[in-house]
Amino acid sequence: MKLKDIIACVDGQLICGESHLEDEIARGFASDLMSDVLTILEDDILLITGLSNNQAIRTAEMSDIKNILLVRNKKPSQNMIDMAQELNISLSYTPYSLFKASALLFQKGLEPVY
């Protein structure tokens, strides 16, 4: 799925990272535990999380994740946005829960990491 289709599927909003809208995303990984994210060795994944702080950006950077979707209508701080822009990571948010966003994306064909 393309990032723009993912955002549309979950009634989301892109905060930063317009250059990623055409990114092909093969798999999704939903977690609020960044230690779990660090175990992922896949490419082209979407991190779906409710953790709206700099730790999510740093973890994405270490895991080579270029796209983050925040759930539960969580909005990133300006510091988080600035860091994401500096690291070329897209940030989006959705009003849906982690469960609902993941279910909708799975239903549309986004594969899980495992």
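Which residues are exposed on the other side of α4? They are Gln78 and Glu86, where exposed means over 50% relative accessible area, buried under 20% and partly exposed in between, with a 1.4 Å probe and protein chains only. This is a predicted model, so local features need pLDDT of at least 70 and side-chain atom pairs count only at pLDDT 80 or more, while totals for chains, interfaces and linings use all residues. Residues are numbered from 1 along each chain as its sequence is written, and side-chain values use heavy atoms, with hydrogens and water left out.

**Helix α4**

- Met80, Ile81, Met83 and Ala84 are the buried part of α4; helices are DSSP runs of H or I with at least four residues, strands are E runs of at least two, and both are numbered from the N terminus.
- Those four sit on the same side of α4, because they cover an arc of only 165° around the axis, taken from the directions from the helix axis to the C-beta atoms.
- The cover over the buried residues of α4 includes β1 (13-16), α3, β4 and β5, with contact meaning heavy atoms within 4.5 Å.

**Nonpolar cores**

- The largest nonpolar core has 23 residues, and Phe29, Leu47, Ile57, Ile68, Ile89 and Leu91 touch the most other members; a core here is a set of buried Ala, Val, Leu, Ile, Met, Phe, Trp, Tyr and Cys residues joined through side-chain atoms within 4.5 Å.
- Elements giving this core at least two residues each include α2 (34-37), β3 (45-49) and α3 (54-62), but α4 has the largest share, with four.
- Another core lies apart from it, with 14 residues, including Leu46, Val71, Ala101 and Leu110.

**Rings and charges**

- The whole structure has one aromatic pair, and it is tilted: the rings of phenylalanine 29 and tyrosine 114 have centres 6.1 Å apart and planes at 45°.
- Rings of Phe, Tyr and Trp (its six-membered ring) pair if their centres lie within 6.5 Å, with planes under 30 degrees apart stacked, over 60 edge-to-face and the rest tilted.
- Phenylalanine 29 is buried at 9% relative accessible area, whereas tyrosine 114 is exposed at 74%.
- Lysine 100 puts its charged end over the ring of tyrosine 96, 4.3 Å from the centre; that takes NZ of Lys or CZ of Arg within 6 Å of the ring centre and within 35 degrees of the ring normal.
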